[in-house]
Structures are given as structure tokens and as C-alpha cells.
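Colleague: I would like to learn how to read a model like this one, feature by feature. Please take me through it.

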Amino acid sequence: MTGQQSILITGAGQRIGLHCAKRLAEDGYHVIITCRHLRQEWLTEPLKGIEAILADFSTMSGIEQFIDTLRSRAPKLRAIIHNASLWLDDDAGADAFQTLFMLHMQAPMLINNACLELLDPDRQTDIIHLTDYAAQQGSTHHMAYSASKAGLENLTLSFAKRLAPSVKVNSIAPALIMFNPEDDQAYRERTLNKSALGIEPGPDVVYQSIRYLMDNCYITGTSLTLNGGRHLK
Ligand SMILES: NC(=O)c1ccc[n+]([C@@H]2O[C@H](COP(=O)([O-])OP(=O)(O)OC[C@H]3O[C@@H](n4cnc5c(N)ncnc54)[C@H](OP(=O)(O)O)[C@@H]3O)[C@@H](O)[C@H]2O)c1
């Protein structure tokens with residue numbers, strides 16, 4: 001990995017995170033992903049250009065252990081992308097808010113601070129927070145999720161102020177990107193009808209947004225709305 005630029009993406013063992021990791025690896029980056037367990041299929045079909053580190057961010061010790069592991073590998077980071085998330089609803093139990101706080105706010109805060117020294121000093125670098133459209137809107141059934149994503153939006157502003165001009169810090173705030181396999185037809189139709197464009201775009205629109213933020217030298221402290229015109233309806 002000597003000399004090669006790395007990109008860290010948290011929670012990228014599946015879906016949006018894994019898709020973006022593969023696309024960034026195809027672009028020539030060494031990609032480091034975190035996940036809580038390795039996937040069986042990676043044994044038969046190893047991920048090309050992607051290194052996985054096991055990490056659970058629900059406790060302080062889990063976050064600190066990950067930071068120690070990452071530092072010991074001393075990658076030269078081009079970008080840090082905080083994607084790890086849980087879409088817990090408000091019936092998920094008394095601990096849910098604490099878990100979401102750890103995942104969406106505490107882990108990004110500690111990882112950003114601890115990994116600044118790993119960001120490539122020879123060029124402008126990026127930190128990108130994956131938040132949610134609900135952070136701006138609130139939610140009737142995902143209040144803790146939305147509040148913790150709103151906290152991450154605010155961390156975007158503070159880190160952007162603190163780290164300019166060497167590091168740009170932005171968030172991407174998606175509405176529907178991909179359904180979960182268990183989502184039924186009625187839910188799918190209801191959700192599709194909420195946006196002006198009315199489609200399930202799939203994870204490449206997140207990759208495109210990451211590339212846009214990384215490739216543009218004049219954007220920091222911004223939340224990039226990725227919602228198919230949901231605010232128009
Ligand atoms: N999907 C959408 O339509 C949509 C809409 C709005 C916003 N977003 C945002 O976009 C991002 C990606 O969405 P997604 O649907 O691809 O998410 P996802 O499938 O739920 O994946 C999130 C990842 O977070 C990891 N994670 C969960 N709890 C963790 C913990 N305690 N410690 C460390 N990692 C943990 C999981 O890792 P393991 O699998 O290894 O357990 C999981 O792979 C998220 O930030 C989400 O909030 C997505």
C-alpha cells in the first residue's frame with residue numbers, strides 16, 4: 001500500500017457502502033472498509049483492492065480498538081467516509097438512542113479527530129458524512145435515528161470550519177436510495193410516490209455524489225441533498 005492513497009468507508013460490508021467501495025477501488029484507490037463480520041462470499045470471491053477491518057462502533061472500546069488498528073496500518077488517507085448506520089425505529093428499545101448516538105455521532109467524532117494525522121498532507125482531502133433527508137425534516141417513527149443524523153449534520157459544519165482549507169467536510173443527505181429486501185409492495189409504492197422523480201435510484205448515485213464532493217475543490221460545510229425531489233411534493 002506504500003504511496004497509494006487510501007479511502008476509509010465505515011460500515012461498508014453491504015449495499016451502498018460496499019458498492020461505493022468497489023467503485024472507488026475501480027478508480028484506483030486502496031479502500032479500507034469496516035464491517036462487524038466478514039461475508040462468506042468474500043472467501044470464494046475476494047474483494048479486489050478492498051481491505052476489511054472488523055469494527056463495532058456501539059461502544060467506546062470498539063471505536064478505540066478500530067482507531068488503534070487503523071493507525072497501526074498507517075494508510076495515507078485521501079478521504080474518510082462515514083457510512084455505518086442502523087435504521088432503528090422508535091420501538092427498538094430504551095438503548096436505541098444510545099446506540100444511534102454512538103454510531104452516528106460518537107464514532108465519526110472520535111475517528112475524525114484521531115485520523116487527521118493519517119490524511120494525506122500533500123493534497124486537499126475529504127471527510128464525508130452519510131446522513132439522511134430525515135435529519136432536516138424529523139420523523140414520526142424514527143425520531144432517535146433522525147436526531148442522531150441531525151447531530152452528524154452539525155458535526156459536518158464544525159469539522160468543516162475547523163479543518164479548512166486542508167480538509168473539506170461535507171455530508172450527503174439521501175432519501176430513498178435502496179429498499180430493504182423485506183419492504184413490501186405497499187411500502188415501496190408509498191415511498192416511491194413521495195419524490196418528484198419517483199424511482200429507487202440504487203447505490204451508484206451515492207458513489208457519484210462522493211466523487212462530486214471529492215473532485216470539487218470549492219465545496220465544504222455543505223449538505224448535498226440526494227432525494228429525487230422529495231422536498232417538491
Ligand atoms: N438505503 C437507503 O435508501 C438510505 C436512505 C437514506 C440514508 N441512507 C444512509 O446511507 C448509508 C448506507 O445505507 P445502507 O442502506 O446501505 O445501510 P445498511 O445496509 O444498513 O448498512 C450499514 C452498515 O452499518 C454497519 N453497522 C451497523 N451497526 C454498526 C455498529 N454498531 N458498528 C459498526 N458498524 C455498524 C453495518 O455493518 P455490518 O453489516 O457489518 O453489521 C451495515 O453494513 C447509511 O448511513 C444510511 O443511513 C440510506
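Colleague: Which residues in α4 meet which residues in α6?

Modeller: Bear in mind that this is a predicted model. On the α4 side the residues are A96, F97, L100, F101, H104, M105, P108, M109 and N112. They meet A144, Y145, S148, K149, G151, L152, L155 and F159 in α6. By class, this contact has 12 nonpolar, four polar and one charged residues.

Colleague: How is the packing of two helices described in general?

Modeller: Two packed helices are described by the angle between their axes and the distance between the axes. For α4 and helix α6 (residues 143-163), the axes come within 8 Å and cross at roughly 15°. That angle makes α4 roughly parallel to α6, because angles under 35 degrees count as roughly parallel. The crossing of α4 past α6 is right-handed.

Colleague: At what angle do the axes of α3 and α4 cross?

Modeller: Helix α3 (residues 60-73) and helix α4 (residues 96-115) cross at roughly 30°, and their axes come within 10 Å. α3 and α4 are therefore roughly parallel to each other. Their crossing is right-handed. From α3, the contact is made by I63, I67 and L70. From α4, the contact is made by Q106, A107, L110, I111, A114 and C115. The residues of this contact divide into eight nonpolar, one polar and no charged.

Colleague: And α1 with α8: how far apart are their axes?

Modeller: The axes of α1 and helix α8 (residues 204-215) are 9 Å apart, and the two helices pack at an angle of about 55°. That makes α1 oblique to α8. Here too the handedness can be stated: the crossing of α1 and α8 is right-handed. The residues in α1 are I16, H19, C20 and R23, which meet D204, V206, Y207 and I210 in α8. Sorted by class, the contact has five nonpolar, one polar and two charged residues.

Colleague: Now the ligand. Which residues come nearest to it?

Modeller: There are 24 residues around the ligand, and G11, R15, I16, C35 and S85 come nearest. Helix α1 (residues 15-26) gives the largest share of this shell, three residues.

Colleague: Is S6 buried or exposed?

Modeller: Count the C-beta atoms around the residue: 20 or more within 10 Å means buried, and 12 or fewer means exposed. S6 has 22 other C-beta atoms within 10 Å, so it is buried. Its place is in strand β1 (residues 5-9).

Colleague: How many other C-beta atoms lie within 10 Å of D27?

Modeller: The count for D27 is 13, so D27 is partly exposed. D27 has its place in the loop between α1 and β2 (30-35). Its C-alpha atom is separated by 18 Å from that of I128, and the two residues are 101 residues apart along the chain.

Colleague: One more item, on the backbone. Is the peptide bond from A164 to P165 cis or trans?

Modeller: Read omega for the bond. From A164 to P165, omega is near 0° and the peptide bond is cis. P165 is found in the loop between α6 and β6 (167-174).

Definitions and conventions
Residues are numbered from 1 along each chain as its sequence is written. This is a predicted model: local features need pLDDT of at least 70, side-chain atom pairs count only at pLDDT 80 or more; totals for chains, interfaces and linings use all residues. A residue is near a molecule or strand if its C-beta atom, placed from the backbone, lies within 6 Å of it. Helices (H or I, at least four residues) and strands (E, at least two) are DSSP runs, numbered from the N terminus. Axes are lines fitted to C-alpha atoms, for helices over the stretch in contact, and angles run from 0 to 180 degrees between N-to-C directions. Angles under 35 degrees count as roughly parallel, over 145 as roughly antiparallel, 65 to 115 as roughly perpendicular and the rest as oblique. A crossing is left-handed if the near helix is turned anticlockwise from the far one by less than a right angle, and right-handed if clockwise. Two residues are in contact if their C-beta atoms, placed from the backbone, lie within 7 Å. Ala, Val, Leu, Ile, Met, Phe, Trp, Tyr, Cys and Pro count as nonpolar, Asp, Glu, Lys and Arg as charged, and the others, Gly among them, as polar.
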